[in-house]
Amino acid sequence: MFRVFALIALAGAISVSGYHRRRARRSSGTIPRGREPGALKAGRAFVALPLFGSVLLYLSAPDSMAWATFGAPGWLRWLGVAAGLAAVGAVHWVLSNLGANVSETVLTKERHLLVTSGPYRWVRHPLYTVGIGLFVALGLMAANWFILLWATLALVAVHLAVIPREERALTEKFGESYLRYMTTTGRMLPRLASSPPAVRRDTTDC
């Protein structure tokens, strides 16, 4: 039963993401991954391949991942189900607010807009939050410590290597507008001590 829910959550999130990414590519083109630094691409592969691979193995051949199973209580696995299904809707919420800005790289598009609506009202990188949250949910559904371990490593990699590069590119693009936005929002979780910025969509002011 939990494997069915995991498949629904993963397939749903990928389908929603694919829909929005296709729309963004038609609207504003795409940025080739070849423009990213080689170290970033290698690091992404190092983390993504074991993470996706272990989930796909759990879904297609669960016995091959039985060695990493732990005794999770039923309520914890059902919490994973709830979080995984919620992630599908969250992916739509995030990407529908990003619109044509959606990109597979840390670089900005020529007509990139500074989005501060929807989840971006409180969090600068909610797509990373939702993506990692989805894999944590899948790890809980599978009761698999290996999936949870690599989801944690993905969180560390995103926080230390990916987001800083992305924020440098956004600061170069939007200048003071982005710097002000950073003071009122959290990276991956809301900054509870600050009031959120006004809802708006700004083009660059530099």
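Reply: A residue counts as buried under 20% relative accessible area, as exposed over 50% and as partly exposed in between, with a 1.4 Å probe and protein chains only. By that rule, 44% of the 206 residues of the protein are buried. This is a predicted model, in which local features need pLDDT of at least 70 and side-chain atom pairs count only at pLDDT 80 or more, while totals for chains, interfaces and linings use all residues. Residues are numbered from 1 along each chain as its sequence is written, and side-chain values use heavy atoms, leaving out hydrogens and water.

The protein has 6 helices and 2 strands. These are DSSP runs numbered from the N terminus: helices are H or I of at least four residues, strands E of at least two. Along the sequence the pattern is α-α-α-β-α-α-α-β. Contact means heavy atoms within 4.5 Å. Of the contacts with a separation of 6 or more, 80% join residues 24 or more positions apart.

Now the core. A nonpolar core is a set of buried Ala, Val, Leu, Ile, Met, Phe, Trp, Tyr and Cys residues joined through side-chain atoms within 4.5 Å. The largest one holds 42 residues. Leu51, Val55, Tyr58, Leu134, Leu138 and Met141 touch the most other members. Two or more residues each come from helix H1 (2-28), helix H2 (38-60), helix H3 (74-98), strand E1 (114-115), H4, H5 and helix H6 (176-184). H3 gives the largest share, 8 residues. Another core lies apart from this one; its 5 residues include Leu76, Leu140, Ala143 and Leu148.

Some single residues show the links. Leu138 is in contact with Ala6, Ala9, Leu10 and Val55, leaving aside neighbours within four places in sequence. Ser54 lies in helix H2. Its relative accessibility is 2%, so Ser54 is buried. Beyond residues up to four places away, Ser54 touches Met65, Phe146 and Ile147.

Val81 sits in helix H3 and is buried at 5% relative accessible area. Not counting residues up to four places away, Val81 touches Phe2, Phe5 and Met141. Its C-alpha atom is 6.6 Å from that of Ala137, 56 residues apart along the chain.

Next, the helix pairs. Axes are lines fitted to C-alpha atoms, for helices over the stretch in contact, and angles run from 0 to 180 degrees between N-to-C directions. Under 35 degrees counts as roughly parallel, over 145 as roughly antiparallel, 65 to 115 as roughly perpendicular, and the rest as oblique.

H1 and H3 pack at about 5°, with axes 9 Å apart. H1 is therefore roughly parallel to H3. On the H1 side, the contact includes Phe2, Phe5, Ile8 and Ala9. On the H3 side, Trp78, Val81, Leu85 and Val88 are among the residues involved. The residues of this contact divide into 12 nonpolar, 6 polar and 1 charged. Here Ala, Val, Leu, Ile, Met, Phe, Trp, Tyr, Cys and Pro are nonpolar, Asp, Glu, Lys and Arg charged, and the others, Gly among them, polar.

Helix H4 (residues 126-142) and helix H5 (residues 145-174) pack at about 175°, with their axes 9 Å apart. These two are therefore roughly antiparallel. H4 brings Tyr128, Ile132, Phe135, Val136, Gly139, Leu140 and Ala142. H5 answers with residues including Ile147, Leu148, Ala151 and Glu166.
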